[in-house]
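Work through the exercises below with the sequence and the model at hand. Try each task before you read its solution.

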Amino acid sequence: MILVACLLCGVFTLRASSQAAQSFSNVLNAFANDGLGVNDLQSEYDRLGYTSTGVDARNTLSELSTAINRKFQDRKSIALRLRAEAEKHLRNGVNNAVDECCHLSRSSLTYDSRFSDHVDVNRQCNRLASTTSTGQFNIGDELLSSFEGNLKSNPTLKWQYFGSQEGLISIYPAFQVAKCDSYDPRFRPWYVSAAVPEPKDVVLVIDQSGSMSDIGRGSSSSRMELAKEAAKTVLYSLSPNDRVGVIAFSNIVRFPTGCYKNGLATATTDNVEKLTTFVDNLYPTGSTNYKASLSAAFDLFIDAFPLSNQNPRHKVILFLTDGDPTPSLGDDTSIMRTIRDKNQQLRFEVVILTYGMGDGIGNDGETLLAKIAAQDYAYYSLPSTSLSTPGISDIVRTDSNIRQQLGSFYTFFEPDSEILDPILSVPYYDAFGLGLILTVPFPFTRRRAESACSPG
């Protein structure tokens, strides 16, 4: 309130006479003292005694650092134990029946403030991706005793879960979900960061040409709607360690409004939501301009390249289309020349993964998408290079599978060597309602991102 009074006084001294300003000041003082009792309140504060205590900042920070490190080491030990237990049962070929969380009765659960929900700390339950059958590999029950022991020895521990690359997740403690709708752990930040710990720079290039209005094969939705869901799956799988850009194209290139056309954005919750809104608002129109869209995608990397040199990152373009390029907007050779010239500026560090959907892609189009992914410049009589990393071209025969295919892009970057230490995730919003949390995920088995994981 005092701040407001001073601001008002400042305004009136500029516009009123000295006498009027003094009069207004007297009114404010009277209101403060008689109406609010400011002077009496100040007198009471003045009569209070106090003790001045010095703070050893260096020692305080050291104690805080030790406490945080101890907590993270505890979580690391939990993840190590869970991994060892999971690997043992994996070797033994254990496969339990799936007990879906959506089939639990709420009357059998008890409210637990640690989880802000009704749970059962004596059991675990499962959730499945839409592509996962109930006969998939499941060792959740075998981990139950470890889950229980971890919670008893660490009462502040939150959810513990095991996610398989088949799309099944075992969750402890068990809790009820209203519907048996699809939940896919493979597209959650904790899973992706465990599978590929290195940060990623990702540019999504989405075809919105007129043919994207056609109904997708194997679906009742249009290709445009299927592409949107696939793109959003990628966006929601990223963490703030990653950076992202989104481009839509028909005969022209479209960017999200604001600064998103000037470079890559850190994949924070706010940025992801804004990019998701851009994707949601796309509609089919126009023809198909490969050349301009790929050129624009590389420009986003070029703007961010100096920073990338200081912190090596996986760089990838995810190119999604349902048709061949419009010849008048750039022939195949000019498209490949653009890719080569742009990627050369980036030391050929950008990988391209191409995804074709629908029946509008002919044999020549499939060849072009394959050559774009392979960065096979010699095929078009352009200078070849050994510096580029060949990507993968995927022609999705059933359009309804495009979400699974595009969302799994990160598997291209899974390391060949075993990851020996758990990974500490950046904060993200818990899908089960706990708000902002950290996780300590730990992948195991080579080229398989089956993760025993413990949130802090």
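## Exercise 1: the core

Task: list the contacts of Phe409, leaving aside its neighbours within four places in sequence.

Solution. This is a predicted model. Start at Phe409 and collect its contacts: Lys200, Val202, Val234, Ser237, Leu238, Val316, Leu318, Leu353 and Tyr355. The largest nonpolar core has 71 residues, and Trp159, Leu318 and Phe409 touch the most other members. Helix 7, residues 223-237, gives the most to this core, with 7 residues. Finally, look apart from this core: another one has 30 residues, including Ala304, Ile317, Ile372 and Leu382.

## Exercise 2: the disulfides

Task: find which cysteines form the disulfides, and say what each pair ties together.

Solution. A search of the whole structure gives 2 disulfides.

Step 1. Cys101 is bonded to Cys125, with sulfur atoms 2.0 Å apart. Cys101 sits in the loop between helix 4 and strand 1, and Cys125 in strand 3, so the pair ties together parts 24 residues apart in sequence.

Step 2. Cys102 is joined to Cys180, S to S 1.7 Å. Cys102 lies in the loop between helix 4 and strand 1, Cys180 in the loop between strand 6 and helix 6, so this pair ties together parts 78 residues apart in sequence.

Step 3. Number the bonded cysteines in sequence order: the pairing is 1-3, 2-4.

Note on methods. Residues numbered from 1 in each chain as written. Predicted model: local features only at pLDDT ≥ 70, side-chain atom pairs only at ≥ 80, totals over all residues. Heavy atoms only, no water. Core = buried A, V, L, I, M, F, W, Y, C linked by side-chain atoms within 4.5 Å. Buried < 20%, exposed > 50% of the residue type's maximum accessible area, 1.4 Å probe, protein only. Helix = DSSP H or I, 4+ residues; strand = E, 2+ residues; numbered from the N terminus. Contact = heavy atoms within 4.5 Å. Disulfide = S-S within 2.5 Å.
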